[in-house]
Amino acid sequence: MSESEQYSRNKLMDFIEYRPLDIEICDVTLRDGEQTPGVVFAKEQKLAIASELDSMGVEVIEAGFPVVSANEKEIVKEIANQGFNSRICCLSRAVKGDVDSALECDVDIVSIFIAMSDMHLKYKYHRSFEEMLGCAKEAIEYATDHGLKVRFAAEDSSRTPIDRLKRAFKEVEAEYKVQYVSLADTVGILNPTTTHYLVSEIYKSVNTSICIHCHDDLGMATANTLAAAEAGAKQLHTTVNGIGERAGNAALEEVMVALRVQYGIDRYDTTKLTALSEMVSEYSGITPSVNKAVVGQNAFTHESGIHVAAILEEPRTYELFLPEMVGGKRNLVVGKHTGTKALKGIINSIGFCLEREELCALIDKVKVCTEEKHKSISREQLEKLISQVRQEQKTAEKQDERLSI
């Protein structure tokens, strides 16, 4: 199946102006995703997730926060030494000891972060901006002197004065030649318009690659991440199933599929997304909502008769992209809204063929059953109703024979 047959491209993109995307994905499931309350991944689970991310073509994997524990450090080091094509990153506070832990893990990139918003400076650090920037510079200098590539991240960027961000990023860029500067929408306050503005302002001020890290408190993490990419952000942060603190992060599956549909970026193996989603769901104990985009149970489930009838002829009538593109499966459901034409297509697809009278009788039973139980009908229930209709039809025919005699 050709690419053009797998999804509908958003042709309206041809009418808007945006900077050509130059992006990479940094998946932070193993670090920020594990900060989801109640989630702790075992070593084998982290290795399995990392392996899948690598096989899909994710460029950077944030493997963890080594200073958290000896076990965490061991896991990060093992992931870093797997020989993946993905580069391995870990998190570090602006503290020499954290950088030492990163060095011991053999990672490719260390993400050194500080917050620079008034809120965090006053209530978290109880220190001034100058003091915290000084701490960051010391840690960055120590890391670069020891051969580490550095991502300098500003926690709570979206509530930090832009001029303060510009100053910090420009100074660190000039003094230490860091590989990335990172903007974090730590509390999910941004919308696509303000995300684009923030990234654009930083893009005009630095030559260093910009990262965007969005949280989903207002349900806009994926949209904000794409807006950042249009404004010039290079590294896009995601988590599988959008897990993470509070309402979570930008979802890998959403970002990856949107990059293909909206911008034609097709270098990632999206066919593994559903399996990866199920893996992370099992390991984390968090099941995505049934209507979750891309990987939810209902992402490719259809009940409406008008929809099903059209899908039986051409799936893209009601599917933006085919389930095969993300390793999913289509599910045609029989329910209250199913029409005769759709029902006929569904029962034919499972190996049954009914006469028109039988079909009409079946549709009546389906509607009564679904309205009584207030839910759709399973395949097993549908087959039972088909058997009932056929039995009733046979009984009626016998009665007609006796009457004719």
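Predicted model: local features only at pLDDT ≥ 70, side-chain atom pairs only at ≥ 80, totals over all residues.

Mentor: Start with strand β4 (residues 109–115) and strand β5 (residues 149–155), which run parallel and are joined by 7 bridges. Strands here are DSSP E runs of at least two residues, helices are H or I runs of at least four, and both are numbered from the N terminus. Two strands count as paired if DSSP finds at least two bridges between them.

Residues are numbered from 1 along each chain as its sequence is written, and side-chain values use heavy atoms, with hydrogens and water left out.

Helix α5 (residues 118–125) lies across β4 and β5 and runs at about 90° to β4. Angles run from 0 to 180 degrees between N-to-C directions, and axes are lines fitted to C-alpha atoms, for helices over the stretch in contact. Helix α9 (residues 221–231) also packs on the sheet, where α9 touches β6 (180–185), β7 (209–214) and β8 (235–238), and its direction makes about 170° with that of β7. Contact means heavy atoms within 4.5 Å.

The strands belong to a barrel: 8 of them close in the order β1-β2-β3-β4-β5-β6-β7-β8, with parallel pairing. From one strand to the next the twist averages 25°.

Now follow α9 to its neighbour. Helix α10 (residues 252–263) packs against α9 at an angle of about 50°, with the two axes 10 Å apart. The two helices are therefore oblique to each other; angles under 35 degrees count as roughly parallel, over 145 as roughly antiparallel, 65 to 115 as roughly perpendicular and the rest as oblique. The crossing of α9 and α10 is right-handed, meaning that the near helix is turned clockwise from the far one by less than a right angle. On the α9 side the contact is made by Thr222, Thr225, Leu226 and Glu230, and on the α10 side by Glu254, Val255, Ala258, Leu259 and Tyr263. These residues divide into 5 nonpolar, 2 polar and 2 charged. Nonpolar covers Ala, Val, Leu, Ile, Met, Phe, Trp, Tyr, Cys and Pro; charged covers Asp, Glu, Lys and Arg; the others, Gly among them, are polar.
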